[in-house]
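Reader: Please show me the model, and then let us work through its architecture by question and answer.

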Amino acid sequence: MALVEFRGVSYEISGKPILSDVSLGVEAGETLVLLGRSGSGKTTALKMINGMLFPTRGEVLVDGRPTTEWDPIRLRRRIGYVIQEVGLFPHFTVGDNVGLVPKLEGWSATDIERRVNLLLEKVGMPPGEFRSRYPRQLSGGQRQRVGVARALAADPPVLLFDEPFGALDPVMRWELQQQFLNLRRDFQKTSIFVTHDVREALLLGSNIALLAGGRLDVIAPPQEFRRARSEEARAFLGCLDN
Ligand SMILES: Nc1ncnc2c1ncn2[C@@H]1O[C@H](COP(=O)(O)OP(=O)(O)O)[C@@H](O)[C@H]1O
Ligand SMILES: [Mg+2]
């Protein structure tokens with residue numbers, strides 16, 4: 001069974017279609033990349049998974065249950081969310097930011113500390129050096145690593161990434177992409193990853209869904225996606241030649 005499923009999902013804002021009849025499934029352990037130009041509806045689709053938005057038509061199911069039937073807080077606790085601006089709390093230390101959701105979930109202080117230390121290690125930020133720092137004392141790439149650690153903290157089965165590495169320089173971006181692959185190997189999470197970068201899509205996706213003007217244009221694993229013939233797919237794949 002798909003862990004996340006879109007069934008004929010449309011979304012309109014004052015009569016303007018933003019998503020049109022999107023159907024797709026994300027299996028456990030898979031990384032589905034949502035690829036598309038700016039404005040194609042990627043963020044809108046992502047926000048429907050954790051119940052920040054609800055379909056105008058159709059339904060989004062998480063664990064087989066429509067998002068409209070989930071208690072919103074329980075739903076969001078099952079879903080880690082990583083965005084470009086990170087959204088760390090500036091007055092919380094790195095350790096407190098990462099440990100926030102486990103704390104809300106009522107974990108013991110010892111368990112929280114163990115988890116925070118493990119995750120900071122995993123994202124390449126030695127806890128002895130970093131856990132007491134504040135977000136402003138970190139580089140952009142380090143803040144993004146903390147954002148990833150925080151999303152993983154309470155061990156949610158589903159992770160959403162909205163162009164998390166878009167603002168980083170190319171070297172940092174590469175490092176974080178490699179780290180994403182390592183974390184996927186270690187934690188076996190189900191992820192939905194938004195990007196407008198076809199290279200990133202091919203590197204990270206086990207499946208790639210190309211959105212064009214709010215419609216699902218192509219959905220295919222990377223090797224097959226490379227051979228996709230739609231106009232939009234060719235426009236993206238053309239970027240690989242130079
Ligand atoms: N709150 C809103 N009101 C009106 N239009 C919106 C709103 N949110 C998004 N849109 C429009 O919906 C389309 C898709 O937006 P979005 O999902 O953010 O695209 P993407 O993440 O692919 O760049 C865009 O044309 C955007 O302008
Ligand atoms: Mg977006």
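**A buried helix and its surroundings**

Author: Helix α1 is largely enclosed by the rest of the structure, because 6 of its 8 residues are buried. A residue is buried if 20 or more other C-beta atoms lie within 10 Å of its own, exposed if 12 or fewer, and partly exposed in between, with C-beta atoms placed from the backbone. Helices (H or I, at least four residues) and strands (E, at least two) are DSSP runs, numbered from the N terminus. This is a predicted model, in which local features need pLDDT of at least 70 and side-chain atom pairs count only at pLDDT 80 or more, while totals for chains, interfaces and linings use all residues. Residues are numbered from 1 along each chain as its sequence is written, and chains are lettered from A and ligands numbered from 1 in the order in which they are written.

Reader: Which residues of α1 are buried?

Author: An α-helix has 3.6 residues a turn, so residues three or four places apart point the same way. In α1 the buried residues are Lys42, Thr43, Ala45, Leu46, Met48 and Ile49.

Reader: Which helix gives the most residues to the shell around ligand 1?

Author: Around ligand 1 are Ile13, Ile18, Gly36, Ser38, Gly39, Ser40, Gly41, Lys42, Thr43 and Thr44, where a residue is near a molecule or strand if its C-beta atom, placed from the backbone, lies within 6 Å of it. This shell divides into 2 nonpolar, 7 polar and 1 charged, with Ala, Val, Leu, Ile, Met, Phe, Trp, Tyr, Cys and Pro counted as nonpolar, Asp, Glu, Lys and Arg as charged, and the others, Gly among them, as polar. The most, 3 residues, come from residues 42-49, that is, from helix α1.

Reader: In the open sheet of 6 strands, which strands stand at the edges?

Author: The sheet has mixed pairing and the order β6-β7-β8-β3-β9-β10, two strands being paired if DSSP finds at least two bridges between them. Two of the strands each have a single partner, so one side of each is left without a neighbour in the sheet; these are β6 (79-83) and β10 (215-220).

Reader: Which residue in the turn of the β9 and β10 hairpin has a positive phi?

Author: Strand β9 is mostly covered, with 5 of its 6 residues buried, and it pairs with β3 in the parallel sense over 5 bridges. With β10 the pairing of β9 is antiparallel, again over 5 bridges, and Leu211 has Leu216 as its bridge partner in β10. The hairpin that β9 and β10 form has 2 residues between the strands, and the positive phi, of about 55°, belongs to Gly213.

Reader: At about what angle to β2 does α1 run?

Author: A second open sheet, of 4 strands with antiparallel pairing, has the order β2-β1-β4-β5. Its edges are β2 (16-26) and β5 (65-66), each with a single partner strand, so one side of each is left without a neighbour in the sheet. Helix α1 lies across β1, β2 and β4, and its angle to β2 is about 60°.

Reader: Is Ala109 buried or exposed?

Author: Ala109 lies in helix α5 (residues 109-122). With 10 other C-beta atoms within 10 Å, Ala109 is exposed.

Key:
Contact = placed C-beta atoms within 7 Å. Axes fitted to C-alpha atoms, helices over the stretch in contact; angles between N-to-C directions.
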